[in-house]
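Have a look at the sequence and the structure first.

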Amino acid sequence: MNEIANLQPTCIWRNFDALTKVPRPSGHLEKVQQFLLDFAKRVGVEGFIDEGNNVVMRKAATPGMENRKTVLLQAHMDMVPQKSPESNHNFETDPIETYIDEEGWVRAKGTTLGADDGMGVAAIMAIMEATDLQHGPVEALITADEETGMYGANDLPEGELHGDILLNLDSETWSKFVIGSAGGVDITATLDYKEVETDPEDAALKVTLKGLRGGHSGLEIHEGRGNANKLMVRFVREAIETCEARLVTWNGGNMRNAIPFKAEVVLTMPKENVEAVKELVDEWKTDFEDEYKNIENSIEFFAEEIETPKLEVPVEIQDNLIDAIYACHNGVIRMIPSYPDVVETSSNLAIINIENGKAAFKILARSSREDMKDYIVKTLESCFNMAGMKVETAGSYGGWDPNPDSEILHLLKKIYKEQNGEEAVVQVDHAGLECSIILGKYPGMDVVSLGPTIRSPHTTNERCQVSTIEPFWKLLKQVLIEVPVK
């Protein structure tokens with residue numbers, strides 16, 4: 001048995017361990033959906049898949065608790081599939097390999113861990129299977145494809161749920177209760193072009209930038225981490241201007257909600273300029289290391305000679321695309337005036353693909369204000385329109401407005417203080433949570449988000465702090481006991 005299955009409380013860790021063995025990258029959820037349906041049947045609770053591909057479970061109240069408000073426990077079933085360059089992991093078929101490090105964190109070998117939000121799912125499973133808990137009516141909503149656009153929450157049918165209280169289990173710092181979050185929108189800019197023939201006398205280099213920390217584009221966008229696409233464009237532009245380089249392909253980033261930690265470009269240039277381009281790579285590597293001292297400590301930037309491709313990007317298109325990448329806003333725009341430590345509005349230049357006559361840029365913009373979300377969308381549209389690109393938006397969701405007078409928030413704070421001897425922190429997050437979408441369809445729900453401590457989600461450094469699971473579980477059990485009557 002995996003060592004994490006023996007951790008306390010075993011009811012959560014055993015279920016999380018089982019979940020790590022079920023492939024569940026966003027967009028490939030058939031196996032985990034069946035896993036959850038089989039679990040519901042095995043433990044004797046109602047379970048079904050709704051029209052939004054979400055798994056819904058229901059558990060009746062224990063005797064004497066039938067008059068309590070219904071608690072809806074919510075988490076998402078998918079995980080972000082990121083792996084280290086040397087990993088051969090296949091997220092659609094292979095289990096996640098977990099281990100416990102010396103500092104008391106559970107990690108994965110060479111991949112994301114999936115504690116975001118597998119820990120929330122495991123806690124729901126623990127409650128659904130428990131025979132020794134006191135609770136009123138309990139529902140569970142385990143949503144599909146949260147990480148790629150909150151599709152499950154967006155397609156959630158109205159009238160399906162009965163919950164009065166929503167406990168979202170997708171926050172990532174124990175001792176903090178989240179009562180508000182940013183909205184977001186996916187922005188995609190595209191351009192089709194006709195490739196031109198490469199000068200057969202030219203040489204070619206593949207230039208790779210990797211080793212950046214990456215990270216969650218909501219939780220960690222304010223930390224000043226390097227964006228591989230934004231760093232790469234600085235080198236590419238200078239190579240074009242000073243070494244007669246031409247762009248063939250560009251591939252950087254792979255998830256909208258992850259800060260890109262790797263980018264690769266293929267460039268052609270006159271053979272006599274190959275060494276100059278290599279020297280330029282070395283110079284930029286030194287610059288990047290100096291700029292990101294104490295933030296990025298593992299930057300790799302290198303060039304490899306390759307066979308010269310037959311086709312490349314036309315000069316005018318190339319220059320327009322480079323200008324657009326350079327001009328595209330990336331990072332924080334401003335903080336929330338009333339919560340100056342929390343990001344209000346940001347954008348993440350997440351994915352760039354330029355090859356075979358097609359260019360596509362993919363961005364996730366976030367804001368807790370609708371007018372500022374509209375502002376960043378129009379800012380990016382303006383940038384890409386000037387490059388002749390077609391701009392489309394999709395997957396827009398609103399922010400979750402905080403309610404500091406929430407009844408369930410006050411109950412959670414009371415129990416937390418009783419159990420831990422200190423006050424919990426109440427905060428608003430810049431990361432997008434599904435609460436706003438669910439509230440749009442069920443506006444009467446009283447909502448708080450909480451969870452154990454998880455760090456560096458969406459990266460191969462993702463980890464879950466073992467010591468926070470026991471108090472998290474203890475709090476959940478007591479909240480179910482003390483849920484108010486209807």
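This is a predicted model: local features need pLDDT of at least 70, side-chain atom pairs count only at pLDDT 80 or more; totals for chains, interfaces and linings use all residues.

Residues are numbered from 1 along each chain as its sequence is written, and side-chain values use heavy atoms, with hydrogens and water left out.

**Asp116**
- Asp116 sits in helix H3, residues 115-129 (helices, H or I, are DSSP runs of at least four residues, strands, E, of at least two, numbered from the N terminus).
- Asp116 is buried but has no salt bridge, and the nearest side chain of opposite charge, Arg24, is 7.8 Å away.
- Buried here means under 20% relative accessible area, exposed over 50%, and partly exposed in between, using a 1.4 Å probe and protein chains only.
- For charge, Lys and Arg count as positive and Asp and Glu as negative, while His and the chain ends are not counted.
- Beyond its neighbours within four places in sequence, Asp116 is in contact with residues including His76, Asp78, Glu147, Asp170 and Glu172 (contact is heavy atoms within 4.5 Å).

**Strands E8 and E20**
- Five of the six residues of E8 (residues 176-181) are buried, so the rest of the structure largely encloses this strand.
- E8 runs parallel to E20 (residues 425-429), with five bridges joining them (strands pair if DSSP finds at least two bridges between them).
- Phe177 has Val426 as its bridge partner in E20.

**Salt bridges**
- The whole structure holds 27 salt bridges, each a side-chain nitrogen of Lys or Arg within 4 Å of a carboxyl oxygen of Asp or Glu.
- Arg246 bridges to Glu312, with the closest N and O atoms 3.3 Å apart.
- Arg246 is in strand E12 and Glu312 in strand E15, so this pair ties together parts 66 residues apart in sequence.
- Arg246 counts as buried at 19% relative accessibility, and Glu312 is buried at 2%.
- Glu344 and Arg334 meet at 2.8 Å, N to O.
- Glu344 is buried at 1% relative accessible area, whereas Arg334 counts as partly exposed at 34%.
- Glu46, Arg58 and Glu139 are linked in a salt-bridge network.

**Annotated domain**
- An unreviewed UniProt entry annotates residues 208-294 as "domain: Peptidase M20 dimerisation"; positions follow the numbering used here, feature names are shortened, and annotations may be inferred rather than shown by experiment.
- Over residues 208-294 the chain is 39% helix and 20% strand.
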